[in-house]
Amino acid sequence: MVDLLPVVQKRADDDGRRHLLNVDFAELQQWLAEIGERPFRAGQIRQWIYHRRASDFAAMTDLPAKLRQRLSESFVLFRSTISSEQRSSDGTEKLLVRLADGGEVECVLLRDGNRRSICVSSQVGCAMGCVFCASGLDGVERNLTGGEILEQMLWLQQRLAPEERLSHIVMMGMGEPLANLDQVLRALELARTSEGLGISPRRITISTVGLPPAIDRLARYAVPYNLAVSLHAPNDELRNRLVPVNRRIGVEAVMDAADRYFAASGRRLTFEYVLLGGINDTPECAAELVDLLGRRGSLLNVIPYNPVAGLPYRTPSGAAISRFREALERGGVNVQFRQRKGSEIDAACGQLRRNRAGAEFG
Ligand code: SAH
């Protein structure tokens with residue numbers, strides 16, 4: 001008797017090939033040995049990926065044709081595609097990257113003087129629920145793999161002229177990096193080592209809503225990445241409303257964990273503060289921030305709100321922003337007001353994905 005098996009639709013990402021960016025170097029060497037190739041080929045392949053900006057195996061012209069064929073039978077180099085892109089007049093480029101399972105994330109290249117900074121996502125969606133942010137409006141779908149995080153970096157690197165190099169990375173795209181710390185650290189290891197992208201950890205920033213156990217894990221990991229903590233409010237009453245995950249943590253625990261990270265890493269802390277008109281831009285908030293941050297010597301990065309369609313928040317007026325800034329400066333807070341680079345192209349996290357989804361389904 002013949003069992004009738006259900007017909008399983010073969011998905012494009014399910015053809016048995018592995019994502020090479022998720023394969024360790026030692027594993028690749030072993031695979032090469034198994035097919036009778038010399039192990040030094042692994043180093044050549046890695047160079048093609050990170051230094052020579054190859055986008056497929058066919059481009060790796062100093063590998064034997066037979067090896068290139070075997071590679072493309074067993075591995076996929078890029079599993080994602082670029083489903084939409086925008087470029088603003090200041091040189092900012094934003095990509096919407098479609099993953100093999102159909103999920104989408106955003107990443108951005110910012111050109112500023114000699115700097116070539118990229119902003120990368122760590123999850124599809126986000127579970128933190130910050131009420132003003134487009135990324136978390138539908139919750140989190142899943143974590144990205146280290147390879148999917150690296151792919152965003154490589155796509156953006158391909159946007160550079162041959163003589164240009166990526167100089168800075170911020171994990172400030174969609175998702176909460178500290179809720180996917182293992183995969184973020186795997187990707188960043190290749191971002192920072194000379195065999196990979198060779199970007200010093202001092203030029204790499206991990207931005208978090210403030211999850212103390214994960215901050216402590218990062219401190220023990222002992223690579224001096226910069227830590228940015230998204231504070232957005234100086235007290236629990238307000239932060240619980242704006243950053244719902246705070247109800248389980250509290251401002252004090254977040255500040256203590258940040259202090260421990262500073263003690264362990266020696267890296268000056270940054271706090272992020274999205275300025276929402278009429279909500280967290282009051283003189284009382286400024287005074288509380290002075291109490292909280294004045295003695296810490298950390299940097300406060302104030303970001304005027306980038307409006308998200310359908311959300312009831314607004315950017316403060318220029319006068320309100322100036323008042324807020326003066327109060328902080330008088331109180332001795334190290335404050336920096338970020339200009340809204342790329343805002344004309346939805347370059348605030350989650351917005352491009354959302355606007356496209358709206359255009360398709362709305
Ligand atoms: N989950 C991490 C990193 C992603 S968001 C974190 O919370 O830090 C990166 C920064 O952009 C955060 O400070 C976030 O609060 C801020 N942000 C989100 N939506 C914004 C918007 N519409 N306008 C301005 N900043 C926004």
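Helices (H or I, at least four residues) and strands (E, at least two) are DSSP runs, numbered from the N terminus. The structure is a predicted model, in which local features need pLDDT of at least 70 and side-chain atom pairs count only at pLDDT 80 or more, while totals for chains, interfaces and linings use all residues. Residues are numbered from 1 along each chain as its sequence is written, and side-chain values use heavy atoms, with hydrogens and water left out.

The buried residues of helix 8 are Val251, Val254, Met255, Ala257, Ala258 and Tyr261. Seen down the helix axis, these residues fall within an arc of 160 degrees and so line one face of helix 8; the arc is that of the directions from the helix axis to the C-beta atoms. Buried denotes under 20% relative accessible area, exposed over 50%, and partly exposed the range in between (1.4 Å probe, protein chains only). An α-helix has 3.6 residues a turn, so residues three or four places apart point the same way. On the other side of helix 8, Glu252, Ala263 and Ala264 are exposed. The cover over the buried residues of helix 8 includes helix 6 (212–221), strand 11 (226–230), helix 7 (236–242), strand 12 (270–275) and helix 9. Just after helix 8, Gly266 adopts a positive phi of about 75 degrees.

Asp259 lies in helix 8 (residues 251–265) and Arg296 in the loop between helix 9 (283–293) and strand 13 (299–304), so the pair ties together parts that are 37 residues apart in sequence. Asp259 is partly exposed, at 27% relative accessible area, whereas Arg296 is buried, at 16%. Elsewhere, salt bridges that share partners join Glu85, Arg87, Glu93, Arg111 and Arg159 into one network.

The count of salt bridges comes to 17. Among them, Arg159 is bridged to Glu93, with the closest N and O atoms 3.1 Å apart. Arg159 lies in the loop between helix 4 (146–157) and strand 9 (168–171) and Glu93 in strand 4 (residues 93–98), so this pair ties together parts that are 66 residues apart in sequence. Arg159 is partly exposed at 24% relative accessibility, and Glu93 is buried at 5%. Arg98 and Glu104 form a further salt bridge (3.6 Å, N to O). Arg98 is partly exposed, at 32%, and Glu104 is buried, at 13%.

With a disulfide taken as a pair of cysteine sulfur atoms within 2.5 Å, the count is 0. The cysteine sulfur closest to that of Cys126 is in Cys130, 6.5 Å away, which is too far for a bond. Cys126 is buried, with a relative accessible area of 11%, and Cys133 is likewise buried, at 16%.

The mean pLDDT (the predictor's confidence in each residue, from 0 to 100) is 92 for the protein, and 90% of its residues reach 70 or more. Over residues 1–12 the pLDDT is below 50, and this stretch has 1 contact (heavy atoms within 4.5 Å) beyond near neighbours in sequence. Residues 357–362 also have pLDDT below 50, with 1 contact beyond near neighbours in sequence.

How values were computed. Salt bridge = Lys/Arg side-chain N within 4 Å of Asp/Glu carboxyl O.
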